[in-house]
Amino acid sequence: MLGYIINRIIYLIPTLFIMSLVVFSFIALIPGDPVDAILGLNASEEARAAVRAELGLDRNILVQYLSWAGGIVTGDFGTSLTSGEPVMKLILEKLPATLLLAFASILISVFIAVLAGTIAAVNKGNWLDIGVLVAALAGISIPVFWIAILSVLLFSVHLQILPSIGYVSLLEDPILALRHLALPSICMGAALAGGIARMTRSEMIEQLSKDYVITARAKGLSPNEVTYRHALRNSLITVVTFTGLELGTILSGAIIVETIFAWPGLGRMAIDAIFTRDYPTVQGVVLFMAFFFVFVNLLVDISYTFLNPQIRLGGKK
Amino acid sequence: MTDVTQTPSQPSSWGREWRKIRGNKMLVTGGIVLLIFLLAIIVGPEITGYDYAKMSIRERFQGPSFAHWMGTDNYGRDTLAKVIHGARVAFFVGAISVGIGMVGGMTIGAIAGFVGGFIDNILMRITDALLAFPPLLLAIGLVAATGPSTTTVSVIIGIIYIPRFARVMRGAVMAEASKEYVEAARAVGQEPWRILFFHIGPATLSPIIVLATVVFALAIIIEASLSFLGLGVPPPTPSWGGMLSESRSFMTKNIWMAIFPGLTISVAVLGLNLLGDGLRDYLDPKDY
């Protein structure tokens, strides 16, 4: 087990290295002189020299990369060109808002999707199952920004029961914070729920056809007990793993949802940085989110293998 | 993988395939949706009788009517004409992205799966790293550097999906390469590239076709997301995401500006997803 975890961590090193190269190349990909792109053509020579020095553009590209990557390893993601503050400090300020949004949307999506997926599996082939399948496919197909616009129209503009923009800290005013959290998290939750419901349904159908379920039924357990105590419990391992791996969808969704709802998280920070041409911040946020995604995948992988006795006990995977 | 070799001596084969297609509701529905979009793209926005760029201030903020089926926008432009032009943009981006993803991914995947060893290891580490990026995040980073344009966005989305095609192609090539007919081809002295192109290649197409429909749908969503964020197709070219972004400023004046472009994206993506699911069932080797 420990050997497996160490292997997985070592395996990550080349992945992280290549990811850093990709993000580093963002500045190299800017057509022409990056300083022109950042400051415009009319900037003073002093300002240009300052940006050039900040980005290390006067040095050899290999030295630039090594210096930048060295900083990343020690947690230094560079300095924001607009605020002059360390990018890592800005990231850590925005992270709680994104984590809160991600956590709330996962809760909402898992609740809806597991319920819907289980109902579909138990009623396989009838209209309830078809209804869930169609709704899940629609959930996967409808873009999150359209769900967001429609929900703002309904809940904020017409019914006027929920605020359409803004963020309030949970510690400041929990009720108001939850009211602000409702629409963004429901939108992101809806976008996630389709995939999780499909996964729950197929996993439940597989579990319900297994021998232990037949045995449980033969023992005289009620259908509900068989479904919820046995089949659902075993399906949840796969469902939770799948949900963890959906973090990419959550992070992508956060970029859009945070922009629409003026939610002060990492996604909105990235978009703001793009429009102000603050490239160190763009690089820092993209790399941080990508690393975060990789590490959560690693944790999901490790926890899954921990739950799988074949690997935990040193057998074959 | 999928052995679809059929000889002319099987007179019922076409009829059997047709029955199989007709029985596959997802494939038929997805196919019909796709055909409608293709038809609209071919005939173009002119079929509405309006120029998608022509403003008419007196007709602005109209709801659906016989004259303007999807209403008009804040400049009085016909929304249906803009939506049809947006379909051209979306499908152009989808086609270029899938083309780049397929060519790049199939080449890398075929080399990795067929050659194996050190080269396979290196190529797969690179694809792993690229797969580790959430696609929209990587697209945003790259567009931020290169600047937005329809072609740039298409190329970037294509590059982002190369690793997915590479992974699927590699798996399919490895599965095929261990089969007896490949060993037989090797035994009779055929050159490796001939074996790869003419024997293994055709057998790997099923999963690639299914993936292509899924990536087409994802490309449409990513393009719409980028345009919505102001990082995709630059205005005044109408794109579905850009139209939705514009609609946000006029939500209280004309709800239809937000309804129709969003509905169109959803129907297009739903159609492609249905087609992908239908193709997966249709091309499933278990059925043969």
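Which residues does B:V98 touch, not counting residues up to four places away in sequence?

Modeller: A word on the model comes before the answer. This is a predicted model, in which local features need pLDDT of at least 70 and side-chain atom pairs count only at pLDDT 80 or more, while totals for chains, interfaces and linings use all residues. Residues are numbered from 1 along each chain as its sequence is written, and chains are lettered from A, with ligands numbered from 1, in the order in which they are written.

Now to your residue. Leaving out residues up to four places away in sequence, B:V98 touches B:A212, B:V215, B:F216 and B:A219. Touching, or being in contact, is said of two residues whose C-beta atoms, placed from the backbone, lie within 7 Å. B:V98 itself sits in helix α3 of chain B, residues 79-115. Helices (H or I, at least four residues) and strands (E, at least two) are DSSP runs, numbered from the N terminus.

Is B:V98 buried or exposed? B:V98 counts as buried because it has 25 C-beta neighbours inside 10 Å. The rule is that 20 or more other C-beta atoms within 10 Å of a residue's own make it buried, 12 or fewer make it exposed, and anything in between is partly exposed, with C-beta atoms placed from the backbone. The chain also folds back on itself here: B:V98 and B:V214 are 116 residues apart along the chain, yet their C-alpha atoms are separated by 9.5 Å.

The next stop is helix α9 of chain B, residues 205-228. Its axis and that of helix α6 of chain B (residues 150-177) come within 10 Å and cross at roughly 155 degrees. Axes here are lines fitted to C-alpha atoms, for helices over the stretch in contact, and angles run from 0 to 180 degrees between N-to-C directions. With that angle, α6(B) is roughly antiparallel to α9(B); angles over 145 degrees count as roughly antiparallel, under 35 as roughly parallel, 65 to 115 as roughly perpendicular and the rest as oblique. The crossing of α6(B) with α9(B) is right-handed. A crossing has that name if the near helix is turned clockwise from the far one by less than a right angle, and is left-handed if anticlockwise.

Which residues meet there? On α6(B) they include B:I157 and B:V168, and on α9(B) they include B:V215, B:A219, B:I222 and B:L226. Notice that B:V215 and B:A219 also touch B:V98. By class, the contact of α6(B) with α9(B) has 14 nonpolar, no polar and 2 charged residues. Ala, Val, Leu, Ile, Met, Phe, Trp, Tyr, Cys and Pro count as nonpolar, Asp, Glu, Lys and Arg as charged, and the others, Gly among them, as polar.

Setting aside neighbours within four places in sequence, B:A139 is in contact with B:I156, B:I157, B:I160, B:I222 and B:L226. Along with A:A270, B:A139 has the most contacts inside the largest nonpolar core, which has 163 residues. A nonpolar core is a set of buried Ala, Val, Leu, Ile, Met, Phe, Trp, Tyr and Cys residues joined through C-beta atoms within 7 Å. The helix that gives the most to this core is α3(B), with 16 residues.

The contact takes 35 residues from chain B and 36 residues from chain A. On the chain B side, α9 is among the elements that give two or more residues, while α5(B) provides the largest share, 9 residues. That side divides into 24 nonpolar, 8 polar and 3 charged residues.

One helix pair spans the two chains. The axes of helix α7 of chain A (residues 144-158) and α11(B) come within 10 Å and cross at roughly 145 degrees, in a left-handed crossing. A:W146, A:I149 and A:L153 of α7(A) make this contact with B:A258, B:G262, B:I265 and B:S266 of α11(B). Sorted by class, these are 5 nonpolar, 2 polar and no charged residues.
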